[in-house]
Amino acid sequence: MKTLKENTGGIVMCLFEILVGILLLINPVSFTSGIIIGLGIILLALGVVGVFAYFRLDPVEASRRQTLTKGLITMVAGLFCIFQTHWFIATFPLLTILYGVIILLTGIAKIQWSIDMLRMKKPNWYLAAIASALSILLAIIILLNPFSSTIFLWRFVAITLILGSILDILALIFSRKI
């Protein structure tokens, strides 16, 4: 129980990644469109707040903070997300490359995690090492992009998220046990 309490944040993040992976497996285009539209709504709301904040500020302070410009730009970004969702879907291969780079960087960070566990003589250090190796391997596959269709690529990304998160949960749980 103590192990779960100490790793609650990491486990919740991993469970969230598993949920995202499952939703990507079920309907990747609709899920991604929903996320982009949700982000657009948030950006639009933040932009409106920024514009209203501009008019509530003292003129000198308002000109210094440039709240009107920031609010209008945020609103435009929100509207773009809401009404141009298909643009993001069309640029998915580029976004996938960015995702691959992020996975590669987290895999590299997991190398230190596994070595730290080994140096502290944790008995299950190899789970973190496996998670690290898997992350790096999957990132390389994503970056090389050997996929013939976008749907297969979506599914591969979803499975990558799910497997990586399951290994991370196991490593978090077993890293605390001596």
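This is a predicted model: local features need pLDDT of at least 70, side-chain atom pairs count only at pLDDT 80 or more; totals for chains, interfaces and linings use all residues.
Local features need pLDDT of at least 70, side-chain atom pairs count only at pLDDT 80 or more, and totals for chains, interfaces and linings use all residues. Residues are numbered from 1 along each chain as its sequence is written, and side-chain values use heavy atoms, with hydrogens and water left out.

Helices are DSSP runs of H or I with at least four residues, numbered from the N terminus. Helix 2 has 19 residues, which should span 27 Å at 1.5 Å a residue. The expected span is 1.5 Å times one less than the number of residues. The end C-alpha atoms of helix 2 are 27 Å apart, in agreement.

Burial was assigned from relative accessible area (buried, under 20%; exposed, over 50%; partly exposed, in between; 1.4 Å probe, protein chains only). In helix 2, Ile11, Cys14, Ile18, Val20, Gly21 and Leu24 are buried. In helix 3, the buried residues include Pro28, Thr32, Ser33 and Ile36. Gly40, Gly47, Gly50 and Val51 of helix 3 are buried as well. Thr8, also in helix 2, counts as partly exposed because its relative accessibility is 41%. The C-alpha atoms of Thr8 and Ile173 are separated by 9.9 Å, although the two are 165 residues apart along the chain.

Rolling a probe the size of a water molecule over the atoms shows where empty space is left. The largest pocket has a volume of about 690 Å³. Of its 22 lining residues, Val20, Leu24, Phe31, Ile35 and Tyr99 are the closest to the centre. A pocket is an open set of points on a 1 Å grid over the protein atoms alone, where a 1.4 Å probe fits, with protein on both sides within 12 Å along at least five of seven lines; lining residues have an atom within 4 Å of a point. Points are joined across faces, edges and corners, and the volume is the space filled by probe spheres set on them. Helix 2 (8–26), helix 3, helix 6 (85–90), helix 7 and helix 9 (150–175) each supply at least two lining residues. The largest share, 7 residues, comes from helix 2. Val20 and Leu24 of helix 2 are also among its buried residues.

A nonpolar surface patch of about 660 Å² is made by Leu94, Ile97, Val101, Leu105, Ile108, Ile111, Ile115 and Leu143. Patch residues have over 30% relative accessible area and no salt bridge, and nonpolar side chains (Val, Leu, Ile, Met, Phe, Trp, Tyr) are joined within 5 Å. Accessible areas come from the Shrake-Rupley method with a 1.4 Å probe. Helix 7 (residues 92–119) gives the most to the patch, with 7 residues. Ile115 lies in helix 7 and counts as partly exposed, at 43% relative accessibility.

The structure holds 3 salt bridges, each a side-chain nitrogen of Lys or Arg within 4 Å of a carboxyl oxygen of Asp or Glu. Lys110 and Asp168 meet at 3.0 Å, N to O. This pair links distant parts of the chain, with Lys110 in helix 7 and Asp168 in helix 9, 58 residues apart. Both residues are buried. Glu61 pairs with Arg64 at 3.3 Å between the closest N and O atoms. The two are 3 residues apart in helix 4 (residues 59–65), so about one helical turn separates them. The Arg65 to Glu61 bridge is 2.7 Å, N to O. These residues lie 4 apart in helix 4, about one turn. Glu61 is partly exposed at 22%, Arg64 is exposed at 58%, and Arg65 is partly exposed at 44%.

Most residues other than glycine have a negative phi. Gln66 has a positive phi of about 55°. Gln66 lies in the loop between helix 4 and helix 5 (67–83) and is partly exposed, at 46%. Lys121 has a positive phi of about 60°. Its place is the loop between helix 7 and helix 8 (125–144), and Lys121 is exposed, at 70%.

Note on methods. Patches are made of residues with over 30% relative accessible area and no salt bridge: like charges are joined within 9 Å, nonpolar side chains (Val, Leu, Ile, Met, Phe, Trp, Tyr) within 5 Å.
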